[in-house]
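Me: Take a close look at one part of this model for me, the metal site. Then go on to the aromatic rings.

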Amino acid sequence: MSGFKVRKLTEGFGAEIEGFQFNGEVDNATHRRLRETFDDRGVLVFRGLEIDRTAQAYLSELMISDTAPTLSEAAELAGKQDGFWISNKEPGAAAPFGRLLYHCDMMWSPEPFYVNSLYGVDVEPPVVPTLFASAAHAWDTLPESLRARVENLNAVHVTGPEGFDDRRRGDVAGELLNPIRQTVLSTTTRVAHPHPRIGRTLLYVSQGMTKEIIGLSKDQSENLLDELFQHLYRPESAWQHEWHNCDLVIWDNLAIQHARAAVSIDGPARTLRKIGSPIPVANTHVPTYQQIS
Ligand SMILES: [Fe+2]
């Protein structure tokens, strides 16, 4: 068994896994402990792991599986996402520049990834950190009056900030990255969204992908979303990961939202290898991007 220590990153979520040795597979006891920590904390950070894409897929899949994947299953998951990079240098990478507001990947889909991971392959300082906030902790700590107002409401999620109210874009408008897809994709969920795997209730709205709350005027919807965002992204509850090569960050893509400040094509290298799972049936091609203002 690989012994490791769990160090909390914030009061509400996140853990660094210290002293974890990875030799290609983990035993049942290690799997169980990692999974319990993942479900409890939502984001796990490992440092100094020398792993390839298959190992990254294996460790990611481990967090959402009752039984550890076989190495051939991990290789298959990795193979389907070969070339999936978040990078300002790799040709054809996702999100090559610009700022990303908080979101869950594919929040606009009825089948968003359950787990997401990024691995530092080539990062040069000063690197733009990835920011994290917990929708599970946000629901748990949401003031009762706000809970009562949103408990029975539904929200529409879209692929990007293009159609949002100007106020939402605020003073970062010129930095936002807008994905361009062949079709407009959206989905509707409850604001108080039950997590399909761990059962916790999530405050399931995001600055970067929630367009509106249904049944309210445009102003009412934006004002209510603003109140929810103030709570969800309050600085004392956020956490940011400062990247180094060989860092692996695995997170629950539904319970935890992510964001980043603006990245420049001309800036220092920021190449992160990405794995998401399960791979949805819905359209997942990498869009092209433009900046909007
Ligand atoms: Fe993302």
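Reply: In this predicted model, the iron ion has three named protein donors: His103 (NE2), Asp105 (OD) and His258 (NE2). They lie 2.1 to 2.2 Å from the iron ion. Along the chain, the donors follow the spacing H-x1-D-x152-H. His103 lies in strand S5 (residues 98-103) and His258 in strand S16 (residues 256-263), so the pair ties together parts that are 155 residues apart in sequence. His103 counts as buried, at 7% relative accessibility. His258 is buried too, with a relative accessible area of 8%.

Now the rings. The structure holds eight aromatic pairs. One of them joins Phe4 and Phe20. That pair is edge-to-face, 6.2 Å centre to centre, with 70 degrees between the planes. Phe4 lies in the segment before strand S1 (5-8), and Phe20 in the loop between strand S2 (15-18) and helix H1 (28-41), so this pair ties together parts that are 16 residues apart in sequence. Phe4 is buried at 7%, and Phe20 is buried at 8%.

Phe22 and Tyr58 form a tilted pair: 5.8 Å centre to centre, 35 degrees between the planes. Phe22 sits in the loop between S2 and H1, Tyr58 in helix H2 (residues 53-62), so parts that are 36 residues apart in sequence are tied together. Phe22 counts as buried at 16% relative accessibility. Tyr58 counts as buried at 1%.

Ring pairs link Phe4, Phe20, Phe22, Phe46 and Tyr58 into a cluster. The charged end of Arg33 sits over the ring of Phe4, 4.0 Å from its centre. The charged end of Arg53 sits over the ring of Trp85, at 5.0 Å from the ring centre.

How values were computed. Residues are numbered from 1 along each chain as its sequence is written. This is a predicted model: local features need pLDDT of at least 70, side-chain atom pairs count only at pLDDT 80 or more; totals for chains, interfaces and linings use all residues. Side-chain values use heavy atoms; hydrogens and water are left out. Donors are N, O and S atoms within 2.8 Å of the metal (3.2 Å for Na, K and Ca); water is not among the atoms, so sites may look incomplete. Helices (H or I, at least four residues) and strands (E, at least two) are DSSP runs, numbered from the N terminus. Buried means under 20% relative accessible area, exposed over 50%, partly exposed in between (1.4 Å probe, protein chains only). Rings of Phe, Tyr and Trp (its six-membered ring) pair if their centres lie within 6.5 Å; planes under 30 degrees apart count as stacked, over 60 as edge-to-face and the rest as tilted. A charge sits over a ring if NZ of Lys or CZ of Arg is within 6 Å of the ring centre and within 35 degrees of the ring normal.
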